[in-house]
Amino acid sequence: MLQRLSSGLARCEEIAAAALAAVVTCLILINIGFRVLGSPLYWISELSIYAMIWMTFLIAGAVFRRRQGVAVTLLSDLLPRTGRKLVGLWVDTTVLLFAVLLAWLCWRWYQPLALARLGFDIGAFQTQTFNFIYAENTSTLGIKKFWAWLIVPWFALSLSLHGLANLIQSLTQWRDPGDEPTAETWR
């Protein structure tokens, strides 16, 4: 169940990242056209930057799920099968710990319970917590930056799910010594 949920989420992240790549391309081409005409639209540049950031975080989660990230395998290639499994287990554990730590930091950054306790009153929230996350606007789009920054908590939760799924898969490999993880295993 967890494996299917993680794989399905990774697939959705890939589709969303591909759509955002198309959006970024279109936005940049539109902005080039406006610049040629002598009236650049600065908000398009900012929107394309945020779209690119979201695209990067979304595809990073899917890449971790599929274990297709860039890796230096000099050491693990020299190890026997048990050593490779131990290295894989260590990597999966490290990714999961990083994701959980990032999720905890995002919780502390956004402080949703404090915001709710104060009736979603941004001024009271800022006064009480000295946290101004909900007050800062983007430069040209005029929206609150916390909307753009929501990709970080999403990434933390997504990576936690993918990391847990990968860790469970690595642990089950100990029971079936013939199984070696490959990129095809994660599709």
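Helix axes are lines fitted to C-alpha atoms over the stretch in contact, and the angle between two of them runs from 0 to 180 degrees between N-to-C directions. The model is predicted. On that basis, α1 and α8 pack at an angle of about 135°, and their axes are 9 Å apart.

**Packing of α1 and α8**

- The crossing in which α1 passes α8 is left-handed.
- On the α1 side, the contact is made by L2, Q3, L5, S6, L9, A10 and E13.
- On the α8 side, the contributors are W154, S158, L161, H162, L164, A165, I168 and Q169.

**Nonpolar cores**

- The largest nonpolar core holds 14 residues, of which L58, L102, V152 and L159 touch the most other members.
- Two or more residues of this core come from each of α1 (2-36), α2 (42-66), α4 (81-110) and α8 (151-173).
- The greatest contribution to this core is that of α8, with five residues.
- Another core, of seven residues, lies apart from the largest one; A114, F125, Y134 and F146 are among its members.
- Leaving aside residues up to four places away in sequence, V152 touches F57, L102, C106 and W109.

**Aromatic pairs**

- The whole structure contains seven aromatic pairs.
- In the pair of F57 and F155, the ring centres are 5.2 Å apart and the planes stand at 65°, so the arrangement is edge-to-face.
- This pair links distant parts of the chain, since F57 belongs to helix α2 and F155 to helix α8, 98 residues apart.
- F57 is partly exposed, at a relative accessible area of 27%, whereas F155 counts as buried at 7% relative accessibility.
- Y110 and Y134 also form an edge-to-face pair, because their ring centres are 6.0 Å apart and their planes lie at 70°.
- Y110 is in helix α4 and Y134 in the loop between α6 (122-129) and α7 (145-149), so this pair ties together parts that are 24 residues apart in sequence.
- Y110 is buried, with a relative accessible area of 7%, and Y134 counts as buried at 8% relative accessibility.
- Ring pairs join W109, Y110, F125, Y134, F146, W147 and W149 into a cluster.

Technical notes. Residues numbered from 1 in each chain as written. Predicted model: local features only at pLDDT ≥ 70, side-chain atom pairs only at ≥ 80, totals over all residues. Heavy atoms only, no water. Core = buried A, V, L, I, M, F, W, Y, C linked by side-chain atoms within 4.5 Å. Buried < 20%, exposed > 50% of the residue type's maximum accessible area, 1.4 Å probe, protein only. Helix = DSSP H or I, 4+ residues; strand = E, 2+ residues; numbered from the N terminus. Contact = heavy atoms within 4.5 Å. Phe/Tyr/Trp six-rings, centres within 6.5 Å; stacked < 30°, edge-to-face > 60°. Left-handed = near helix turned anticlockwise from the far one by under 90°.
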